[in-house]
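Here's a quick briefing to read alongside the model. Keep the sequence handy as you go.

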Amino acid sequence: MHGLLPELATGAAAGDDRAWALAHVSRCQDCRRDLNQLTTAADAVLLLAPSVEPPPRFESTVLARLDAASTPPPRRRLLARRRVVAALAFAVCMLVAAGGGALYVQSRTAEDRRLAEQYRQTLAVANGRYLKATTLTTADARPAGTVFLYQGNPSWLLVTVTTAPADGAYSVLAVDRAGAAHAIGTCQVINRTGTFGYRLRMAVAEVSEIRLQSTDALLRATR
């Protein structure tokens, strides 16, 4: 059915096909909607043609040729011209749909692009390259806080503990890709919360894990 809609919209459909298609469209809401869109597009295509005044004696010349012609123009040629118009109408519909889709995608991603631009501006002001965040978890995989790693000049690390299993002094260790643990300070946890900041001496890409270890608990953040 959809293959006949462009011809139906431009009047190129033959008699039997046209009757069958119109009967179907009268019962099908989706096809009726598509036919309306195609008809609008076909009208727009026709309006694209510039208006030109006919040359002198145009009408008399045409009438003379019609009188001289023994047979009417072949139906096949007429149908071919109508099908060209149908193809143009279909192409216009596709362009309109593509443009609408692009506008829809642009609208839906506007907030993401705005945040990305803010992120880029922040890094540019701070002379940074990127900021990563990873979850700090307990030994039984419960969330206990967040570790932020910033690659810039200088690079730094920030640990926020929100739900530690026990209070006390936690040794903070940065584990590199080779598995070596580097002690970088102590985080005091009171009422299960604490904060620790440190200027990294290694690149963020070389850090594989951050550990916070006390006598009673172990917290880990892996990348």
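What follows covers the overall layout, the cores and one threonine.

This is a predicted model, where local features need pLDDT of at least 70, side-chain atom pairs count only at pLDDT 80 or more, and totals for chains, interfaces and linings use all residues. Residues are numbered from 1 along each chain as its sequence is written, and side-chain values use heavy atoms, with hydrogens and water left out.

**Overall layout**
- The protein chain has six helices and eight strands, where helices (H or I, at least four residues) and strands (E, at least two) are DSSP runs numbered from the N terminus.
- Along the sequence, the pattern reads α-α-α-α-α-α-β-β-β-β-β-β-β-β.
- Buried residues (under 20% relative accessible area, 1.4 Å probe, protein chains only) make up 28% of the 223 residues.

**Cores**
- The largest nonpolar core has 25 residues, and Leu 157, Val 159, Val 161, Tyr 170, Ile 210 and Leu 212 touch the most other members.
- Such a core is a set of buried Ala, Val, Leu, Ile, Met, Phe, Trp, Tyr and Cys residues joined through side-chain atoms within 4.5 Å.
- A second, separate core of 11 residues includes Leu 5, Leu 8, Ala 21 and Cys 31.

**Thr 134**
- Thr 134 sits in strand S1 (residues 128–137), and it counts as buried because its relative accessibility is 17%.
- Its side chain reaches the backbone oxygen of Thr 222 at 3.0 Å.
- Leaving aside neighbours within four places in sequence, Thr 134 is in contact (heavy atoms within 4.5 Å) with Gly 145, Thr 146, Val 147, Ala 221 and Thr 222.

Notes:
Buried means under 20% relative accessible area, exposed over 50%, partly exposed in between (1.4 Å probe, protein chains only). A polar contact is a pair of N or O atoms within 3.5 Å; within protein, one must be able to donate a hydrogen and the other to accept it, and residues adjacent in sequence count only if both atoms are side-chain atoms.
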